[in-house]
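Subject: A structure for you to look through

Hello,

Here is the structure I promised to pass on. Have a look at it first, and then read my notes below with the viewer open.

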Amino acid sequence: MSDDAKQRKPRTLHVRRGVDGGHDGLPGSRSRGEAAGGARRRVLSAGQYVDGVLAGDRVVLARAITLIESNAPAHQDLAQEVLTALLPRRCASVRVGITGVPGAGKSTLIEDLGTRLRARGHKVAVTAVDPSSTVTGGSVLGDKTRMEKLAADPGAFIRPSPAGGTLGGVARKTRETIVLFEAAGYDVVLVETVGVGQSEVMVRSMADFFLLVLIAGAGDELQGIKRGVVELADAVVINKADGTGVRAAQRTRAEFERVLHYLRPATEGWTTRALTASALAGHGVDEIWAMIGEFLTKARAGGAFDRRRADQERAWVRALVEEGLRDRFRAHPQVAAARQELEDQVARGELPATAAARRLLDLFGQG
Ligand SMILES: Nc1nc2c(ncn2[C@@H]2O[C@H](COP(=O)(O)OP(=O)(O)O)[C@@H](O)[C@H]2O)c(=O)[nH]1
Ligand SMILES: [Mg+2]
């Protein structure tokens, strides 16, 4: 993926607020005196989280995810201890990001693909990044009603979108949840997101393979799909190629095939493909998995797979540092005291913006 895409910073989206503890017997719930659950459940130690996750214990896995999702500083310390122990214990996995407009059939595809993968002996974990419950009218992503078979399968694990506070918070929670999945032996991780904003850039930045799910539009098929989103994809699947929709889907596929020819591929050494499928009927789904297999063989042999993962980790550290710096800058007392006046001077044309920024940064740098 391009540097440009990596560095685009998702900041404007609204997401649900994070919790400060209070789930699954974490310390917060007991101090608040919640009767249900809290008193019965012990707080797990780092070692208990680690052992439980490694043993594939679903209850402990769920509680470990709740722990990393907590914004409480004490939970964060414990979570980092657990993650540090689990990092080297992850299984070899493939992380597939799946994006597309609401209603394109992403969840239906995950249900069908996931069920097939289970039959092949894979352990399948599913999570979602839902950038805005206000846009989608509720948490439709990671919706278990579209994934009934998978949800009932003990070898599959479905976790809805984390609540965050910021998209950066959601990114952290999702990345760390993936570590937990892999330490618990889930070798296929599917991350659903909706292609309406910057969340797909975020999911691309943590996926090995990125799938864009579309439906044939009425008339102008390419309308409404940002070229930038198409350029993130390793494959475009035109879904709902069934019944009366078959011909339109095939036309759209052919059109994409032509367009893709002119776009920069998302992965070096891989030509982005366009396929048709019916997630509902299960048509073309084996072909999607075969294509991902082909991609993995190539990317692993050529080193692109490991390079991308390493690049993603490096970029992630940088993003965390930048976010931390921004937070500290905003919270810095001397900066806060001087900021308004300096900005006003710039606004009145009395001080160059560069000089004002330099003064603020100097104040920040002085402690
Ligand atoms: N005809 C047809 N309908 C589908 C197909 N895939 C999904 N749907 C339907 O489209 C609607 C939205 O599906 P869903 O998986 O929730 O879409 P998502 O919002 O992208 O996750 C549901 O009513 C599905 O039953 C398909 O391949 N063919
Ligand atoms: Mg969905």
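Of the 367 residues in the protein, 39% are buried. Please keep in mind that this is a predicted model. The protein has 16 helices and seven strands.

In what order do its seven strands lie? The order is β3-β2-β4-β1-β5-β6-β7, in an open sheet with parallel pairing. At the edges you will find β3 (156-159) and β7 (273-276); each has a single partner strand, so one side of each is left without a neighbour in the sheet. From one strand to the next, the twist averages 20 degrees.

Strand β6 (residues 235-239) pairs with β7 in the parallel sense, over four bridges. Within this pair, V237 stands opposite L275 in β7, and A235 stands opposite R273 in β7. To get from β6 to β7, the chain passes through α12, and this β-α-β crossover is right-handed. The side chains of β7 are worth a look too: R273 and L275 point one way, A274 and T276 point the other way, and all are buried.

Helix α9 (residues 167-183) lies across β1 (94-99), β2 (124-129), β3 and β4 (188-193), and runs at about 180 degrees to β2. Helix α12 (residues 246-262) touches β6 and β7, and its direction makes about 175 degrees with that of β7.

Next, the ligand. Which residues come nearest to ligand 1? Of the 15 residues around ligand 1, they are G105, K106, S107, T108 and L280. Helix α6 (residues 106-119) gives the largest share of the shell around ligand 1, with three residues. Sorted by class, that shell holds four nonpolar, seven polar and four charged residues.

K240 is in the loop between β6 and α12. Is K240 buried or exposed? It has 24 C-beta neighbours inside 10 Å, and therefore counts as buried. The phi of K240 is near 65 degrees, which is a positive value in a residue other than glycine. Most residues other than glycine have a negative phi.

The other residue is I292, found in helix α13 (residues 285-302). Which residues does I292 touch, leaving aside its neighbours within four places in sequence? I292 is in contact with V94, V96 and F209. I292 and A235 are 57 residues apart along the chain, and their C-alpha atoms are separated by 9.0 Å.

Happy exploring, and write back with any questions!

Best wishes

Key:
Residues are numbered from 1 along each chain as its sequence is written. Chains are lettered from A and ligands numbered from 1 in the order in which they are written. This is a predicted model: local features need pLDDT of at least 70, side-chain atom pairs count only at pLDDT 80 or more; totals for chains, interfaces and linings use all residues. Two strands pair if DSSP finds at least two bridges between them. Helices (H or I, at least four residues) and strands (E, at least two) are DSSP runs, numbered from the N terminus. Axes are lines fitted to C-alpha atoms, for helices over the stretch in contact, and angles run from 0 to 180 degrees between N-to-C directions. Two residues are in contact if their C-beta atoms, placed from the backbone, lie within 7 Å. A residue is near a molecule or strand if its C-beta atom, placed from the backbone, lies within 6 Å of it. Ala, Val, Leu, Ile, Met, Phe, Trp, Tyr, Cys and Pro count as nonpolar, Asp, Glu, Lys and Arg as charged, and the others, Gly among them, as polar. A residue is buried if 20 or more other C-beta atoms lie within 10 Å of its own, exposed if 12 or fewer, and partly exposed in between; C-beta atoms are placed from the backbone. A crossover is right-handed if, with the strands pointing away from the viewer, the path from the first strand over the helix to the second runs clockwise.
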